[in-house]
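Colleague: I have the file open now and would like to go through it with you. Could you take my questions as they come up?

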Amino acid sequence: MSNICVLGTGYVGLVTGTCFADMGNNVTCVDIIEEKIAKLKQGILPIYEPGLEEMVERNVHAGRLHFTTSYEEGLDNAEFIFIAVPTPTGANQGAADMRYVETAARMIAQELDHYAIVINKSTVPVGSGDVVSRVIRNNLKRPEVNFAVVSNPEFLREGNALGDFQRPDRVVLGSSDPEAAQSVARLYLPLRAPILVTDIYTAEMIKYASNAFLATKISFINEIAQICERLGADVKEVAEGMGHDKRIGRAFLDAGLGYGGSCFPKDVRALAHMADEAGLHPQMLHAVMDINHDQRRLVINKLTNILGSLRGCVIGVLGLAFKPNTDDMRESASIDIIRWVTAQGATVRVYDPVATETGRAALEREGINLDMVEFCQTSYDVATGADALVISTEWNEFKSLNMLQVRAAMRRPVLIDGRNIYEATEMNRYGFIYRGIGRGTGP
Ligand code: NAD
């Protein structure tokens, strides 16, 4: 049993803290937002993540999981201090904003009164481990106190975060202090996952290279989709045929509206920025971003090709979250789609199984006129009176809709399937004008 402090109670911090508590450790999660901590203390989670609420409750009940806004309380007796605060895109041309990490490091320095290992789980630019060390060292209230810094990038996916944390493909640890890295490795031993111990720069780079590779796979298949559509091939079957090849693999070969979320967009940008700053010319990363941006525009092109002007049209949007099983709206394709269609004078009817509140807040933050957006309770409400329906998130419940009922509720039967969850022949049979992504109809 170890004493662990986790800084940040977002998707990564709350999952990390709860899973370590579930493994029998004594964990205190710290966040600077009082409202989040107050709610957590009442068992109300700030995020939607399948299975998490029950696990939090179980570990709080067992007395192993605590929440506080106080660094003093959180760091008290902590042997391991995990930093899991945001690193969004900053103001400087795609660079990661390190303000939250640096603030966390300064606050650690103010309270630390014993040896501890500070572990960085936030995704940070290569070299940030040195920055964290320096910030703590320069701000230590008790300069005699010693500490070590270890990089431990996180690879969990929202929507499957508990499973990913508990059964990771690998655990990556980077440090210039091998003993500290070994101590952190011992925390992870019960997971029986491969543990890679390396230097701090390499560990930080593994995270960016992994995310950039997955984003590249998505942009690659989206480029292939565009070629398929023009030449008459079906990208879904192309991906299937490619995916059986073990050297390629089927994962991340789903053509659609491209990647969004809190990680891929900002991480590819940050990596490209690091390379640019180093005097390199990261052509592929720039192409990956360009393709991803254009992919979202396809929806608008398809809508206007069929409907002509969108002024006065009602566009139904199924799905707000950037992917299924999460309420996370960060860089979701739905935001761009709703922005563009409302800018052309259309009104929007929208439904998401869990992201209504986060969706409303995100659209408002983006300056989208909410008078043009109606939030519905079901997919069938969205379809009612719509001139077109756009599927923007592949939630399971959108895969088995009664499409006859959907079709009957609509004013015009236009279906733009941004996630390729339906088949053209079947939808045509129901009377839809159906457009998927990259699904040519052959010669
Ligand atoms: P998040 O925005 O969901 O949560 C971050 C939390 O940190 C917030 O609750 C915020 O209030 C809190 N916070 C900010 N400053 C703080 C401080 N000084 N002290 C304590 N708490 C503070 O972020 P997230 O999605 O959990 O991501 C955290 C990091 O993990 C990022 O660097 C991200 O790139 C990385 N990451 C995220 C995922 C993911 O799927 N979300 C996966 C892997 C890695």
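**Working through the model**

Modeller: Glu154 counts as buried, because it has 23 C-beta neighbours inside 10 Å, where 20 or more are required. Please keep in mind throughout that this is a predicted model.

Colleague: OK, and where does Glu154 lie?

Modeller: Glu154 belongs to the loop between β6 (147-151) and α7.

Colleague: Which residues does Glu154 touch, leaving out those up to four places away in sequence?

Modeller: With that exclusion, Glu154 touches Val12 and Lys121. Val12 is also listed among the closest residues around the ligand, together with Gly8, Gly10, Ser122 and Thr123.

Colleague: Good, the ligand then. How many residues surround it, and what is the make-up of the shell by class?

Modeller: The ligand is surrounded by 28 residues, and by class the shell around the ligand has 14 nonpolar, 9 polar and 5 charged residues.

Colleague: Which element gives the largest share of that shell?

Modeller: The largest share comes from α5, with 4 residues, and both α1 (11-22) and α5 (99-111) supply at least two residues each.

Colleague: Let's stay with α1. Is α1 mostly covered or mostly open?

Modeller: Helix α1 is mostly covered, with 11 of its 12 residues buried; among them are Tyr11, Val12, Leu14 and Phe20. The buried residues of α1 pack against several elements, including β1 (3-7), β2 (26-30), α3 (52-61) and α7 (161-166).

Colleague: Which residues other than glycine have a positive phi?

Modeller: Gln93 is one of them, with phi near 40 degrees, and Glu331 is another, with phi of about 55 degrees. Most residues other than glycine have a negative phi.

Colleague: Where do Gln93 and Glu331 lie, and is each buried or exposed?

Modeller: Gln93 lies in the loop between β4 and α5 and counts as exposed because it has 11 C-beta neighbours inside 10 Å. Glu331 lies in the loop between β9 and α13 and is buried, with 21 other C-beta atoms within 10 Å.

Colleague: Changing topic, what is the strand order in the open sheet of 6 strands?

Modeller: The order is β11-β10-β9-β12-β13-β14, with parallel pairing. The edge strands, which each pair on one side only, are β11 (373-375) and β14 (433-435), and neighbouring strands of this sheet are turned by 20 degrees against each other on average, direction ignored.

Colleague: And how is β13 joined to β12 and β14?

Modeller: Strands β12 and β13 run parallel and are joined by 3 bridges, with Ile391 having Asp417 in β13 as its bridge partner. Strand β13 (residues 414-417) also pairs with β14 in the parallel sense over 3 bridges, where Tyr434 in β14 is the bridge partner of Leu415.

Colleague: Which way do the residues of β13 point?

Modeller: Val414 and Ile416 point one way from β13, while Leu415 and Asp417 point the other way, and all are buried.

Colleague: Last one: which strands does α12 lie across?

Modeller: Helix α12 (residues 283-307) lies across β12 (388-391), β13 and β14, running at about 165 degrees to β13. Helix α13 (residues 333-343) packs on the sheet as well, touching β9 (314-318), β10 (347-351), β11 and β12, and its direction makes about 175 degrees with that of β9.

Terms used:
Residues numbered from 1 in each chain as written. Predicted model: local features only at pLDDT ≥ 70, side-chain atom pairs only at ≥ 80, totals over all residues. Near = placed C-beta within 6 Å. Nonpolar A, V, L, I, M, F, W, Y, C, P; charged D, E, K, R; others polar. Contact = placed C-beta atoms within 7 Å. Pairing = 2+ DSSP bridges. Axes fitted to C-alpha atoms, helices over the stretch in contact; angles between N-to-C directions.
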